[in-house]
Amino acid sequence: MDNRNLSGNTVKAKKHLGQHFLTDLNIAAKIAGAVTGGTPEQPAAVLEVGSGTGVLTRFLLERPYIVLYGAEVDPESISYLRDHYPEFASGRLYQSDFLQMDLKGQFAGYPSLGIVGNFPYNISSQIFFKVVENRDFIPEVVGMVQKEVAQRIAEPPGSRLYGITSVILQAWYDIEYLFTVNENVFNPPPKVKSAVIRLRRNDTVILGCNEELFVKVVKAAFGQRRKMVRNALRSVFGNFGGQEHRFFNERAEQLGVEEFVDLTNWVESAVKV
């Protein structure tokens, strides 16, 4: 299947939308196969972010016990999908910006919503932060992103790639780096390698600290990642009245989620003193 619609119009990848159309059917099938389906009694609702020219859509539609929806902002892609997948596009494809969608409202008829896609590179981080905002409604995400972004999300503490996104996502999801994807399977080819990752909701219900402050502490700690946590936090919160925490001589990349929770609770109490 090429990237022409039935009227002969070519779907052109648009740089401002971060589009790189996947052309390898084997990889598309692997991504679709990584999505957890539902059961005959309760099919799983899954939203594909950026349906593009339908290379991944095709395999997702073949999966049993999945009710597939799509979110696509590009009018040319919408036209293409309506030509090639009319039953899907007529009722379950939204010409919408995923970042602006009210997921719980729009999919209120389902107990949860899976997310899948070859995510536009220029908004991949924003997609994951929206997932976190809807974490109690989104049990799973399977997405293709830039390789470095995937590594950053999946890396454990101690890695130079471990950072803000790693901590915030790992607080709520178990993350698997599934496989690497080369540049030559896209049209146009990106300048970097890509990778597919899977996020599955973990058992954390309550983080155990002020969640808004947790994010602020994590961002402050990594804002000056070459410095010790002491100096990075003091630049944002002050000197804490001269008080010291046991992680102050560490660097942010050495702390896991539990350590940041502990640090957040300490910051909250120390700032009130």
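**Basis.** I worked from a predicted model, in which local features need pLDDT of at least 70 and side-chain atom pairs count only at pLDDT 80 or more, while totals for chains, interfaces and linings use all residues. Residues are numbered from 1 along each chain as its sequence is written, and side-chain values use heavy atoms, with hydrogens and water left out.

**Sheet.** I looked up the strand order and found an open sheet of 7 strands, E4-E3-E2-E5-E6-E9-E7, with mixed pairing. Helices (H or I, at least four residues) and strands (E, at least two) are DSSP runs numbered from the N terminus; two strands pair if DSSP finds at least two bridges between them. The edge strands, each pairing on one side only, are E4 (93-94) and E7 (173-181). I then noted that E5 (residues 114-118) and E6 (residues 140-146) pair in the parallel sense over 4 bridges. Asn118 has Met144 in E6 as its bridge partner.

**Helix pair.** I looked up how H1 (residues 25-33) packs on H2 (residues 55-62): the angle is about 45° and the axes are 8 Å apart. Axes are lines fitted to C-alpha atoms, for helices over the stretch in contact, and angles run from 0 to 180 degrees between N-to-C directions. In contact (heavy atoms within 4.5 Å), Leu25, Ala28, Ala29, Ile31 and Ala32 in H1 meet Val55, Leu56, Arg58, Phe59 and Leu60 in H2.

**Aromatic pair.** I found 11 aromatic pairs. Rings of Phe, Tyr and Trp (its six-membered ring) pair if their centres lie within 6.5 Å; planes under 30 degrees apart count as stacked, over 60 as edge-to-face and the rest as tilted. Tyr69 and Phe107 are edge-to-face, because their ring centres are 5.1 Å apart and their planes at 80°.
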